[in-house]
Amino acid sequence: QANNGYQYAVGLLMLRRLYRVFAVLIGSRTPRYIGLGCGALLVAKLSAEIVFYYAGRLPSEFYKVLGDKDVKAFFPLLLRCMAIVAAAGTARAALDYGAAALGVMMRSALTTYTHKRYIRARAFYETVSRGTVDNPDQRITQDVERLASSIATILPELLIAPFLVVYYTVQCWSMAGPLGPLAIYAYFVAGALSTRAVMPPIIRRVYDQEREEGNLRFQEVRLTEFAECIAFFAGEDRERAAADAALGRVIGVQHALLRKQFWLGLITQVFSYLGATVSYAIIAVPIFLGKYDAKTGSELSSIISMNAFVSLYLIYRFSVVIEQAKKLTDIAGYTARIVQLWEEVDRIDD
């Protein structure tokens, strides 16, 4: 898993590189705005989760109202349902906008820092002439943008996850006893270990794909830059062969990446869909033990629905964390490419 002394894995090296990225963001000219953006995104995410919580409780209320044939309570509940759904849609749109705006601010800060370190006397010429870092222009324009966008997308989910896990663990414990959350935690650990096992090869492939994309881009730019010379010496056939070869390498790496991502996607999707089965098993235990024998049919339906929502949502929160594994592999690949450029400039300075 090494290339030129670099390791492509989710480990200490990746954490050190991520630490440097966040140090650059904090030390940029706009750290206050980035910090405010992160805080606003966290508040928006928390508000959205509150709305989603009330939206998740609606089915249990409908079961009770319909089970009791309570016409008077039905229409107010229907209006409240419409208001909550509208609020949920608004919250989702606001979150998407906030994450995108935060990504733009992060991109600006990282690109400005890279320009300052790279585009100066001796630095960029020696970096290009040494050839130890491929396609610096692609790292600055494309990899920085993708890294910033990926971080902005994954950040609110990871920031809010501990609060939601604690809250829904308490709720699940109160409804299903200690067996419920313990089973879900064991389920999460199994999923996390499974995804961790398949991540390192994907990180390397992400890095390789970005490198070959940069080579293809360089080949296409070269055609424009030297169009007159190529035409004068009748070099079209040779240039087309070189461009096709660069494209072939990109396609080959993409296929390899897709094959690696298939196993990660299979694991995350299976664990996501299997969560419903786990939640039903958790709900069945207190019912079969007679905890709700005194309840009427409509009350039992409402309790089952609420139990299912709490268990499923706790599993869902863990599934979201597991699903971030794919984005984490992308972040690791982009971080390696960007920080490698900074490290090369550091060596030149030394």
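Phe233 is exposed, at 63% relative accessible area (buried is under 20%, exposed over 50%, partly exposed in between, with a 1.4 Å probe and protein chains only). Phe232 also counts as exposed, at 66%.

This is a predicted model: local features need pLDDT of at least 70, side-chain atom pairs need 80 or more, and totals for chains, interfaces and linings use all residues. Numbering starts from 1 along each chain as its sequence is written, and side-chain values use heavy atoms, without hydrogens or water.

Now the rings. The structure holds six aromatic pairs (Phe, Tyr or Trp rings, the six-membered one for Trp, with centres within 6.5 Å; planes under 30 degrees apart are stacked, over 60 edge-to-face, the rest tilted). In one of them, the centres of Phe74 and Phe75 are 5.3 Å apart and the planes stand at 80 degrees, so this pair is edge-to-face. Phe232 and Phe233 are also edge-to-face, with 5.1 Å between centres and 85 degrees between planes. Phe74 is partly exposed at 23%. Phe75 sits in helix H3, residues 71-118 (helices are DSSP runs of H or I, at least four residues, numbered from the N terminus).

Next, the charges. There are 22 salt bridges (a Lys or Arg side-chain nitrogen within 4 Å of an Asp or Glu carboxyl oxygen). Arg117 and Asp349 form one, at 3.0 Å from N to O. It joins helix H3 to helix H9 (residues 297-349) across 232 residues. Arg117 is buried at 15%, whereas Asp349 is partly exposed at 40%.

Asp208 bridges to Arg211 at 3.4 Å. Both lie in helix H6 (residues 179-225), three residues apart, about one turn. Asp208 is buried, at 5%. A salt-bridge network links Arg204, Arg205, Asp208, Arg211, Glu212 and Arg249.

Key:
Helices (H or I, at least four residues) and strands (E, at least two) are DSSP runs, numbered from the N terminus.
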